[in-house]
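Hi,

Here is the structure I said I would hand over. Please open it next to this email and follow along.

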Amino acid sequence: MAQDTINRKRSVPCKVLPFRIVETPPREDVINALRTLLAGAIHGQVTGLAFVAVLKGRDQAFISDFHGTCSENLTHTRGALRHLDGKLDYALLESYAQERR
């Protein structure tokens, strides 16, 4: 019955704004970081990896995972990720401070 009520309502005219897909070029900083990590892994210097990768799209989807020694020593991995969390906290505070200037 509720569905019938919904279907009977008049639609309200609205403007649909045109949009266009904007191509985003590859991020050189991301490419360089991945190349550095890959070279380190090939030479045996990078033995574990815990990551978050933000994917292109409107919903800002992401993937996260961990491999190698990061999956073998979870306590160390948590500490490393907490260190990254602290760096993000600092970057966020710096960003807020610059906005207020």
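The largest pocket has a volume of about 870 Å³. Keep in mind that this is a predicted model.

What lines this pocket? There are 24 lining residues. Leu-37, Leu-49, Ala-50, Phe-51 and Val-52 lie nearest the centre. Sorted by class, the lining has 17 nonpolar residues, four polar ones and three charged ones.

Now look at helix 2. How many residues does helix 2 have? The count is 15. From first C-alpha to last, helix 2 reaches 21 Å. That is close to the 21 Å expected at 1.5 Å a residue. Gly-44 follows helix 2, and the phi of Gly-44 is positive, near 80°.

Next, turn to the surface. Which residues form a nonpolar patch there? They are Val-30, Leu-34, Leu-37 and Leu-49. Together they have about 330 Å² of accessible area. Helix 2 gives the largest share of the patch, three residues. Val-30 is found in helix 2.

Leu-37 and Leu-49 are among the residues nearest the pocket centre. Leu-37 and Leu-49 also belong to the nonpolar patch.

Best wishes

Note on methods: Residues numbered from 1 in each chain as written. Predicted model: local features only at pLDDT ≥ 70, side-chain atom pairs only at ≥ 80, totals over all residues. Heavy atoms only, no water. 1 Å grid on protein atoms, 1.4 Å probe; cavity = no way out; pocket = protein on both sides within 12 Å on 5 of 7 lines; lining within 4 Å. Points joined across faces, edges and corners; volume = space filled by probe spheres on them. Nonpolar A, V, L, I, M, F, W, Y, C, P; charged D, E, K, R; others polar. Helix = DSSP H or I, 4+ residues; strand = E, 2+ residues; numbered from the N terminus. Expected span 1.5 Å × (residues − 1). Patch = residues over 30% accessible without salt bridge, like charges linked within 9 Å, V, L, I, M, F, W, Y side chains within 5 Å. Areas by Shrake-Rupley, 256 points an atom, 1.4 Å probe, with all protein chains shown as cover. Salt bridge = Lys/Arg side-chain N within 4 Å of Asp/Glu carboxyl O.
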